[in-house]
Amino acid sequence: MAKYGILADAQWCSGCHSCEVACQMEHGLPVGETGIKVVKIGPWAIGDEADENWQFSYLPIPTKQCDTCAARRALGKVPTCVQHCQSQCLEFGPLDELSQRLDVKQKTLFVVA
């Protein structure tokens, strides 16, 4: 049986949290609980004007509540976080296929199912 995962591309995640909201609504989870959590990385200074220019990055990370939307997948759909990602930085699929995409900088593969 193939193992599945979620590939997150931090280069494109804008930190909009739509994946979190979609997961919470799909599963009827209470406020503060979700199957995926967007974490903020940074800040770090950009260039010589450190007092004014700062950069942040974001990374969506599956939590222990993530079941990769088993009910949706049984219907042939992708997990709701992947479906609703505004920047399309999340991919779902077999680990062997996703691992081939890891050669690009700032991508993280999560084994979740």
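Which side chain meets that of R72 in a salt bridge? The partner is E26, at 3.9 Å from N to O; a salt bridge here is a side-chain nitrogen of Lys or Arg within 4 Å of a carboxyl oxygen of Asp or Glu. The two residues are 46 apart, and the pair links distant parts of the chain: R72 sits in helix 2 (residues 70-74) and E26 in helix 1 (residues 18-27). Helices (H or I, at least four residues) and strands (E, at least two) are DSSP runs, numbered from the N terminus.

This is a predicted model, in which local features need pLDDT of at least 70 and side-chain atom pairs count only at pLDDT 80 or more, while totals for chains, interfaces and linings use all residues. Residues are numbered from 1 along each chain as its sequence is written, and side-chain values use heavy atoms, leaving out hydrogens and water.

R72 is buried, at 11% relative accessibility, whereas E26 is partly exposed at 39%. Buried means under 20% relative accessible area, exposed over 50%, and partly exposed in between (1.4 Å probe, protein chains only).

The structure holds two salt bridges. R101 pairs with E91 in a salt bridge, with the closest N and O atoms 3.0 Å apart. R101 lies in the loop between helix 4 (95-99) and strand 5 (107-111), and E91 in strand 4 (residues 90-94), so the pair ties together parts 10 residues apart in sequence. R101 is partly exposed at 38%, and E91 is partly exposed at 27%.

S57 belongs to strand 3 (residues 54-62) and is buried, with a relative accessible area of 14%. Beyond its neighbours within four places in sequence, S57 is in contact (heavy atoms within 4.5 Å) with V39, K40, I41 and W44.
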